[in-house]
Amino acid sequence: MLFLIIAIGVLLIIIATSKFNVHPFLSLLLGTLFVGFASGMSFDLIVESMNTGFGNLMMSIGLVIVFGTIIGVILEKAGAAYRMAEVVLRIVGPKHPQLAMSIIGFIVSIPVFCDSGFIILNSLRKALSKRAKVSMASMSVALATGLYATHTLVPPTPGPIAAAGNIGADAYLGTVIFIGLIVAVPATFVGYLWSIKVATKIEVPEDVTAAGEEFDYDKVVASFGKMPSTFSAFLPILLPIVLIGLGSIIAVLGVEGGFANFLMFLGKPVIALLIGVVAALPLLPAFNEETLTGWMGQALKDAAPILLITGVGGSFGTVIRNSGVEDIIQGWDISGIFTGAMFLLVPFLLAAALKTAQGSSTTSLVITSSLIAPMLPIMGIEGAIPLALVVMAVGAGAMTVSHVNDSYFWVVAQFTGMKVNDAYKAQTMATLLQGIVTIIVTMILWAILV
């Protein structure tokens with residue numbers, strides 16, 4: 001009966017968000033209260049669980065999400081994303097435009113939301129497509145899948161951070177980033193293959209240039225104005241990742257001493273991301289009200305709904321844990337059913353069902369990680385690498401699949417001019433393959449590393 005109550009609670013969340021367009025924050029709150037009351041929890045315990053779950057998650061990753069969002073907005077508005085794109089184009093070369101777009105998306109979406117990343121790189125995509133004389137749809141799929149891979153798998157994107165926090169992997173964020181970058185490579189590559197094998201056959205209105213209309217890559221870049229240097233563009237992304245990685249390595253090796261402790265301090269995600277914000281400040285064209293208040297205010301507005309969704313997701317998970325489900329799960333002997341890497345199919349399928357039903361990858365990551373958290377101790381899953389791979393399994397499900405109830409689907413379709421059936425063939429099928437490849441790679445890594 002308790003599991004039926006939890007299932008109904010999840011179903012309420014899905015119906016509220018997908019059928020009645022209720023904001024995920026309110027739908028999660030509804031599901032949380034339903035599970036609390038229906039499971040027979042006392043009023044005081046419901047309130048305590050909601051406050052504790054929300055507060056604990058915000059304490060561990062709240063500022064990390066805010067700092068990551070600030071970095072993303074600065075990179076977007078200062079033109080650093082274009083500079084990074086230019087560097088990738090120089091390295092890859094004009095003969096492989098789809099590969100260049102995939103790599104650009106892979107890099108940009110580490111701090112920038114995939115929706116925003118696609119929009120700000122859209123003019124560059126069009127210009128490069130015209131320059132290379134390749135299909136607009138193929139360039140769109142290459143960019144969209146590159147953005148999508150790191151968006152669902154690599155912190156400091158809020159979804160993976162929230163999932164890590166829910167399952168107790170926030171202390172191993174460096175490992176999650178490292179594993180995420182590895183797993184995101186094949187996910188990006190399969191999207192690239194789909195773009196050149198299938199999407200190239202899809203024709204959109206953009207492929208037929210109107211009379212007198214010209215797209216010039218150099219003009220697009222020049223129209224943006226003075227852009228930052230390569231070093232300053234990449235620094236706000238790479239510096240936090242390096243610091244978190246160093247902190248994780250020192251912790252694993254057990255090195256002690258004043259300098260080692262200082263490096264571990266710098267490697268704390270909240271400190272590393274704060275340093276990333278400081279590294280992004282020189283990108284500001286001027287230190288005035290528009291940038292210091294306007295840009296920062298925009299970043300806080302972008303972060304607010306993610307913080308609320310993530311926080312109430314923590315409340316949902318805590319209510320589930322305090323409902324007595326942990327005691328029931330502890331009495332199960334599921335080790336013979338889900339052994340080793342096979343357990344990863346549980347979070348993958350659950351996240352995929354949630355993603356497909358209600359559309360939001362972030363919501364899918366938050367809810368799924370909350371649901372599976374009580375199972376992990378029973379399965380003996382603990383430590384940096386196993387927990388990081390669980391996050392990857394949730395992320396794999398959260399990218400399966402992007403269709404009409406996903407805002408990202410419409411961003412890609414509308415900005416490219418694809419018909420809905422073509423968008424299903426191009427975007428939806430590509431994300432399905434990305435999810436399948438990602439869970440397979442994750443299970444292989446489990447077999448090798450765990």
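Close-up 1. Setting aside neighbours within four places in sequence, Ala-85 is in contact with Ile-104 and Leu-124; contact here means heavy atoms within 4.5 Å. Ala-85 itself sits in helix H4, residues 80-92. Helices (H or I, at least four residues) and strands (E, at least two) are DSSP runs, numbered from the N terminus. Ala-85 counts as buried, because its relative accessible area is 0% (buried means under 20%, exposed over 50%, partly exposed in between, with a 1.4 Å probe and protein chains only). Look along the chain to Ala-164, 79 residues apart from Ala-85, and the two C-alpha atoms are separated by 29 Å.

A quick word on what you're looking at: this is a predicted model, where local features need pLDDT of at least 70, side-chain atom pairs count only at pLDDT 80 or more, and totals for chains, interfaces and linings use all residues. Residues are numbered from 1 along each chain as its sequence is written, and side-chain values use heavy atoms, with hydrogens and water left out.

Close-up 2. Ser-370 is buried, at 0% relative accessibility, and the relative accessible area of Thr-363 is 0%, so Thr-363 is buried. Not counting residues up to four places away in sequence, Ser-370 touches Asn-166, Gly-313, Gly-317 and Arg-321. For Thr-363, leaving aside neighbours within four places, the contacts are Pro-24, Ile-309 and Gln-358.

**Close-up 3. Pro-377, out in the open.** Pro-377 belongs to helix H18, residues 375-378. With a relative accessible area of 58%, Pro-377 is exposed. Pro-377 and Ile-167 are 210 residues apart along the chain, yet their C-alpha atoms are separated by 9.9 Å.

**Close-up 4. Helix H8 against helix H21.** Here H8 (residues 136-153) meets H21 (residues 420-449), with axes that come within 10 Å and cross at roughly 40 degrees. Axes are lines fitted to C-alpha atoms, for helices over the stretch in contact, and angles run from 0 to 180 degrees between N-to-C directions. H8 and H21 are therefore oblique to each other (under 35 degrees counts as roughly parallel, over 145 as roughly antiparallel, 65 to 115 as roughly perpendicular and the rest as oblique). From H8, Val-141, Ala-144, Thr-145, Tyr-148, Ala-149 and Leu-153 meet Ala-426, Gln-427, Ala-430, Thr-431, Gln-434 and Thr-438 of H21. By class, the residues of this H8 and H21 contact are seven nonpolar, five polar and no charged; Ala, Val, Leu, Ile, Met, Phe, Trp, Tyr, Cys and Pro count as nonpolar, Asp, Glu, Lys and Arg as charged, and the others, Gly among them, as polar.

**Close-up 5. Helix H8 against helix H19.** H8 also packs with H19, at an angle of about 135 degrees and with the axes 8 Å apart. H8 and H19 are therefore oblique to each other. Tyr-148, Thr-152 and Leu-153 of H8 make the contact with Met-392, Gly-395, Ala-396 and Ala-398 of H19. Sorted by class, the H8 and H19 contact has five nonpolar, two polar and no charged residues.

**Close-up 6. How confident is the model, and where?** The protein chain has a mean pLDDT of 84, and 92% of its residues reach 70 or more; pLDDT is the predictor's confidence in each residue, from 0 to 100. Confidence is highest in helix H19 (residues 384-398), at a mean of 95, and lowest in helix H11 (residues 217-223), at 66. Where pLDDT is low, the predicted coordinates should not be read in detail.
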